Amino acid sequence: MTCSDFLKELTDYLDDSMDAQTRAELEDHLQWCHNCYVVCNTTKRTIEIYRDSRLYELPDDLRGRLQTAILAKCHSHKASVAETAPHDASEAAPKLATRPGDAPTK
Ligand SMILES: [Zn+2]
């Protein structure tokens, strides 16, 4: 097995989707070829880091709090825009209130 053979089979090797014969040949190549060993190791580690990154997903409560904080920021931004442009705000408000289906839900 040559290095290019090895690299061609590497993804299957890491996916564990190959027959025992080919796997044995790849592992034999890894025994003596440092280059492919490094490539294989680096790729494997990259995949592991990618898999582990799921652990760093935001927990639901934190996600909710962030969302609230972002929305609050947007609202205060809107409010400050309305302050600097009161004309636009007073024009938009009655339109929203009289649109059918826009009944207050609270
Ligand atoms: Zn090699």
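Cys 3 is partly exposed in this predicted model, its relative accessible area being 34%. Cys 3 is also one of the protein donors of the zinc ion, through its SG atom. His 29, another of these donors, is buried, with a relative accessible area of 1%.

**The zinc site**

- The zinc ion takes its protein donors from Cys 3 (SG), His 29 (NE2), Cys 33 (SG) and Cys 36 (SG), at distances of 2.0 to 2.3 Å.
- The arrangement is tetrahedral because the four donor atoms subtend angles of 102 to 120 degrees around the zinc ion.
- For comparison, the ideal angle at a metal with four tetrahedral donors is 109.5 degrees.

**The donors along the chain**

- The spacing of the donor residues in sequence is C-x25-H-x3-C-x2-C.
- Cys 3 belongs to helix H1 (residues 3-15) and His 29 to helix H2 (residues 20-32), so this pair ties together parts that are 26 residues apart in sequence.

**The packing of H1 and H3**

- Two packed helices are described by the angle between their axes and the distance between the axes.
- The axis of H1 comes within 11 Å of the axis of helix H3 (residues 34-52), and the two cross at roughly 25 degrees.
- Angles under 35 degrees count as roughly parallel, and H1 and H3 are therefore roughly parallel to each other.
- The crossing of H1 and H3 is right-handed.
- On the H1 side, the residues that meet H3 are Cys 3, Phe 6, Leu 7, Leu 10, Tyr 13 and Leu 14.
- On the H3 side, Cys 36, Val 39, Cys 40, Thr 43, Lys 44 and Ile 47 meet H1.
- Cys 3 and Cys 36 take part in this contact, and both are also donors of the zinc ion.

Key. Residues numbered from 1 in each chain as written. Predicted model: local features only at pLDDT ≥ 70, side-chain atom pairs only at ≥ 80, totals over all residues. Heavy atoms only, no water. Donors = N, O, S within 2.8 Å, 3.2 Å for Na, K, Ca; no water. Tetrahedral: all angles 85-135°; square planar, octahedral: opposite > 155°, others 65-115°. Helix = DSSP H or I, 4+ residues; strand = E, 2+ residues; numbered from the N terminus. Buried < 20%, exposed > 50% of the residue type's maximum accessible area, 1.4 Å probe, protein only. Axes fitted to C-alpha atoms, helices over the stretch in contact; angles between N-to-C directions. Parallel < 35°, antiparallel > 145°, perpendicular 65-115°, else oblique. Left-handed = near helix turned anticlockwise from the far one by under 90°. Contact = heavy atoms within 4.5 Å.
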